[in-house]
Structure formats: structure tokens, C-alpha cells
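Let's take a friendly walk through a protein model, starting with its inside and moving on to its backbone. Please keep the structure open as you read.

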Amino acid sequence: MSNIEDQIIALAASAAQLAYDDGEGVIPEEASEVVEGGAFIIDMVIPTGIESGDGRKLMSGSLSTRELPIPLLWQPKTGTGHDGSFIIGRIDSCDVTEEGIKNAHGVFDTGPYGREAERLVRNGMLRGISADLDMFETLSDEEMSQMAAELEEDLSQKLFIKKARTMAATLLPKPAFQECTIRLVENDQEYPIVDGIYEADT
């Protein structure tokens, strides 16, 4: 891990331990107060009918979502899938359409991970979104052969998904679908965003 990642993880662990110690094993009442960071919009969480850079395509009307809210995660270090991701916010609402999961609204968390992720988004350093899916079904070999014949194309390197459920979304630098990006709601933030890495007293 990089020094930045080490510091973020150390701060999160330290804050959790302090809260636990102050309550002698119980999280203090004030620690349970709901404090939200900046509000965000994800215009497209995941599209249908568009091929990803790695040859995947979700068929029209194939998507659903788990009961809302669902988590917004952040993968600070490139890895397999979304390994090593942290919770940085929540998605409170979204539209499930024939064209995909769209118009998602939510807020960032105010912990060190959430603040750092929000800072990167606010400064235009990071904006890619990738959906986390479960309960997905792909076309069978027979269905793929039939489609290949109809399209007169070689689909051997393609993956067509006919059903999938969205259970989270992950902020990351290299999304499979370039159409999927996050943006902050203008003038929503009331407190100054600072780099959470340097915020804790030492």
C-alpha cells in the first residue's frame, strides 16, 4: 500500500478505537449522530445496450436494484474487480429503466475515506463509476449461437448479460463504461472540504 492508503486506514482505525474507548466498550451517543458530506449525482450507474471496453453488454431491461439505500464504495488502489474497496457514502434513490440504472442521488460519508474521495471528485481527479452486480445471468451457448447467426458476427469473445441486480456502486479511476461518472451537487456543501488525511490531531 502507499503511504496515503496507510494513513487513511490508520486514521479510520484510530477513530473507531477512540469512540469505543470513550464509551468503555459502547459507542458514545454523540458518535451515532448522522452527519452527511456533499451530495452527489450519478447520471448513469450502468447502461444497457452499450458494449463495455472489455466486451460485456447488458441487454435492455435486464437490470434491477436491491432495496435502497445501497452503498457507494471507493477502490483507492487498482486491483482485481473491486477488491480493497471502502464504504464512502450511500445511494438513496435511482431510476431503473430500459436503458440502465440512471439518475442516482446520494451523499458522501464524513469519515476519512469519504472526505478523501469527495475531495478527489470535487477537484476532478476521480469520477469513474462501476456497478457491483449479483444475481446475473448470461445468454446460454445456444442463445449466443442464434444471436451470432442473426448478426452475422463472431461473438465468441463477447459476454451478454440478460439479468442482473445492482447491489452497490464503486468509485474508481478506470470504469468499464466511460458513460458512468459521478458529480457533486453544486453549492451543496456547507463545511469546507479538507484532506482528511491531515485532519486528525497527532
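Here is a short report on the nonpolar cores and some backbone angles.

## About the model

This is a predicted model, where local features need pLDDT of at least 70, side-chain atom pairs count only at pLDDT 80 or more, and totals for chains, interfaces and linings use all residues. Residues are numbered from 1 along each chain as its sequence is written, and side-chain values use heavy atoms, leaving out hydrogens and water.

## The nonpolar cores

In soluble globular proteins, nonpolar side chains tend to be buried together. A nonpolar core here is a set of buried (under 20% relative accessible area, 1.4 Å probe, protein chains only) Ala, Val, Leu, Ile, Met, Phe, Trp, Tyr and Cys residues joined through side-chain atoms within 4.5 Å. The largest one has 31 residues, and Ile-42, Leu-72, Phe-108, Leu-171 and Ile-182 touch the most other members. Elements giving it two or more residues include β1 (36-47), α2 (112-122) and β8 (159-172); helices (H or I, at least four residues) and strands (E, at least two) are DSSP runs, numbered from the N terminus. The largest share, five residues, comes from β1.

Apart from this core lies another, of six residues, including Met-147 and Phe-160.

## Backbone angles to look for

Most residues other than glycine have a negative phi, and most peptide bonds are trans. The bond from Leu-68 to Pro-69 is cis, with omega near 5°, and Pro-69 sits in the loop between β3 (63-65) and β4.

Asn-103, in strand β6, has a positive phi of about 50°. Met-135, in strand β7, has a positive phi near 50°.

Methods
Buried means under 20% relative accessible area, exposed over 50%, partly exposed in between (1.4 Å probe, protein chains only).
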